[in-house]
Amino acid sequence: MTVPHPATPQPTSRRSFLSATAAVAAVAGAASSLAALGLPAFTAAAAEPHRPSGDPRTPDGEALKLWYTAPAAQDAMIQQALPVGNGRLGALVGNDPGREALYITDSTLWTGGLNDVLDSDGQFPYERVEFGSLTQLAHLTVELPDHTADTITGYRRTLDLSNGLVTAEYRHRGAAHRREVYASHPDDVVVLRMIQPGGGLTGSITLAGTHGETPLTDAAESTSSFAAALGNGLRYAAAVTAVSRTGRVATTATGLTFTDCVDLLIVFSGGTDYAPDPARGYRDPAADPRALALSKVHTAARHDPAALRATHVADHRRLFDTQHVSLGTSTGEQRAADTWTRLQARAKEGAAPDPELEAGYLQFGRYLMIAGSRDSVPMGLQGPWLDGNDPDWMGDYHTDINVQMNYWMADRTGLSACFDAFTDYCLAQLPSWTDTTRRLYNDPRNRFRNSSGKVAGWAIAFSTNIHGGSGWWWHPAANAWIANTLFEHWEYTQDTATLARIYPLLKGACQFWETRLITTTINDPATGQDREVLVDDKDWSPEQGPQDSVGNTYSQELVWALFSNFHTASLALGKDAAYRRTLDGLRERLYLPRVSPTSGWLEEWMSPDNLGEEQHRHLSPLIGFFPGDRITLDSSPSDLLSGVRALLAARGMDSYGWANAWRALCWARLKDAERAYQLVTTNLRPSTDNSNGSAMNLFDIYQVEDDRSIFQIDANFGTPSAMVEMLLYSRPGRIELLPALPAAWARQGRITGIGARGGFTVDLAWRKGRLTEAVIRSVGGRTTKVIAHGVTRTLRLHPGEAATLHW
């Protein structure tokens, strides 16, 4: 199979739902506060998107697809419906012939607020009132009363990953019927188009809010819309219109109707007055969400349906085509089966690998990244795909693995532009986080307070929302992990402007730790002498063990990496030389973990004893191995690596999806290809009876109780990250090719556009387990070692140059 070289990624436009209606006066007022954060200010009405000529779709026979032989059940939308999204709006699409249902979420429709009144234990309340929750925006339902089960034959629905389209096709009383759904980023709308060449499409369209709103219809404009506000003052709205050149569209008191149509175009939009501006309480006072929703649906509906789709497809492909993946060829029998059947067949004991299914799973993760993370807020625990208003853990941003895992994949898989939403979010929250820290962190009731009595910089809790608020317990090391994640993005891109934007965030995290670290005395086994070291104050190793231990490995490793990253950033930007030297001194004094003489594991606490669960889901003590670089296979002492391997083995090979993904990434770094691959296939096993695994639609399912499970998106990103890590390991100055290639993918494969830290992208091709060609391109990097099959080559490139290597 020939895989073309990736297209050059195009930057995504920076705009929000509100950008088209923000008044010029409001723009001028908001610009100063946003500019101070390095965030984009709102602009006047967005320009008309570029409309490509011709049809930009990947040809049908070449497109990557998930497909099914039955519609989604409405009581199982989260497991069966197919997702579309434009980075802000996300929709679950059911594709029932007689009752098409779209469950639509806006990523900024959050209840709650700053949540800055602590409970009696000095921790943040964590509930749906003050902290808040992500909620759905609307349900859009299209009824076709005569499309009953006994009139339908040849049903098939498809998620076309290559083109960003959900389609359903069947025959209704012998007549061909096709519908397609997509969420357009350039037009900021969700589009549903129905085509029945024989005519006769007759039915109704109902727009319903999920918070008790009353929609209004406008006969002159053929629209249904609603507008309302949440208890926190966040204003929001939604609107839908429909047009047909071959039939009649009318309005009723409850919605729209259509009669005898051959081709029907339904356009939805909606959003909130949320703004990434803490100075205005995360609101845009000039916004009119209903007027904007109506404007967007009318503007889009005026265009030819083919032009609307072409605009969306071209935009989607600019991102999706940055990486092509082939892990081998599946059998004809495997290819002939629908996606759910393939998942079930692959999970049977002794089943043959299905490399095209596995490559499709990786590409599904990339599809979700494009659909869920553009220029709005980043993705939390479920991304913008909800089936109700009460997602577990409020659908928030969990800062002890989950939100970080969501973004490990972006740079690795050619989607660096999709990382920007996370950067923008952190910068927009930083003023609130900083203010809350200075006011509340050293509250005497907070068991995690700094015993020095000092506080500086910023800190957050285990959960955050979009209003500057934190929830659950204080999480001291979260600032370091977030800062390190943002810094790692710069390592991939080498974009100095990005580094300058995040620099205040890195510095603030360092300032916090400068006030938090305390001194203790240990016996140094190398010298037999006592010496003083710096350790984290009373803390918790997520999410287990004592809550008052000092020097936890998790925090020590994150702070070591934070100080190291600040050193690099300070040098690159030519800033804060004196402070850099101060932090260098602190880093040299940090306690670093040992291998327990009792268990042989890398210690999780400053104790030879295991103070938690042997098979705990978190790999907190291994954070210096992955995602960190302090411990590396090529440079660390063998006893330390043995401790890493022993602890990883003790944690086990079966857990929640995100935990399996983290384990797979660690085994990949240990170059244990088969264990890493086993964990990938474990996450691919079908979820049945609420078990952990993949749902029919490939969403990762997390079993929370014996009889209840939920969708949690992090494994859908963490597992593809592990798959790429098996094919390429990188850190600045070092790129290793095929470090953990499993036997299932060894026969032949190719992958393009892998991001490599240090400022490179890599295309790989292999046959019979041996690399045949590698193309290394500089996106800012200049020098790196490239290693494959024990052979090391040194490359020197200028930005924009490429080199082709053969083995």
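**Figure 1. Pairing of strands E10 and E15 in the predicted model.** Four bridges link strand E10 (residues 201-209) with strand E15 (residues 256-261), and the two strands pair in the antiparallel sense. Within this pairing, Ile205 stands opposite Leu256 in E15. The structure shown here and in the following views is a predicted model.

**Figure 2. The open sheet of seven strands.** Antiparallel pairing builds this sheet, in which the strand order is E2-E3-E4-E5-E10-E15-E14. Strand E2 (82-85) and strand E14 (248-251) form the edges, each pairing on one side only. From one strand to the next, the twist averages 20°. Helix H7 (residues 355-372) lies across E2 and strand E3 (89-93). The direction of H7 is at about 40° to E2.

**Figure 3. The open sheet of nine strands.** The strands follow the order E1-E6-E7-E8-E9-E16-E13-E12-E11 and pair in antiparallel fashion. Strand E1 (65-68) and strand E11 (216-218) stand at the edges with a single partner strand each, so one side of each has no neighbour in the sheet. The twist of this sheet averages 15° from one strand to the next. Helix H4 (residues 305-320) packs on the sheet, where it touches strand E7 (165-172), strand E8 (175-184), strand E9 (189-195) and strand E16 (263-272). The direction of H4 makes about 50° with that of E8.

**Figure 4. Pairing of strands E12 and E13.** Strand E12 (residues 223-229) and strand E13 (residues 235-243) run antiparallel and are joined by seven bridges. Ala227 stands opposite Ala237 in E13.

**Figure 5. The second largest cavity.** By class, the lining has six nonpolar, two polar and six charged residues.

**Figure 6. Confidence along the chain.** The protein chain has a mean pLDDT of 94, with 94% of its residues at 70 or more. Over residues 1-15, pLDDT stays under 50, and the model has 39 contacts beyond four places in sequence for this stretch.

Notes
Residues numbered from 1 in each chain as written. Predicted model: local features only at pLDDT ≥ 70, side-chain atom pairs only at ≥ 80, totals over all residues. Heavy atoms only, no water. Pairing = 2+ DSSP bridges. Axes fitted to C-alpha atoms, helices over the stretch in contact; angles between N-to-C directions. Contact = heavy atoms within 4.5 Å. pLDDT = per-residue confidence, 0-100. Nonpolar A, V, L, I, M, F, W, Y, C, P; charged D, E, K, R; others polar.
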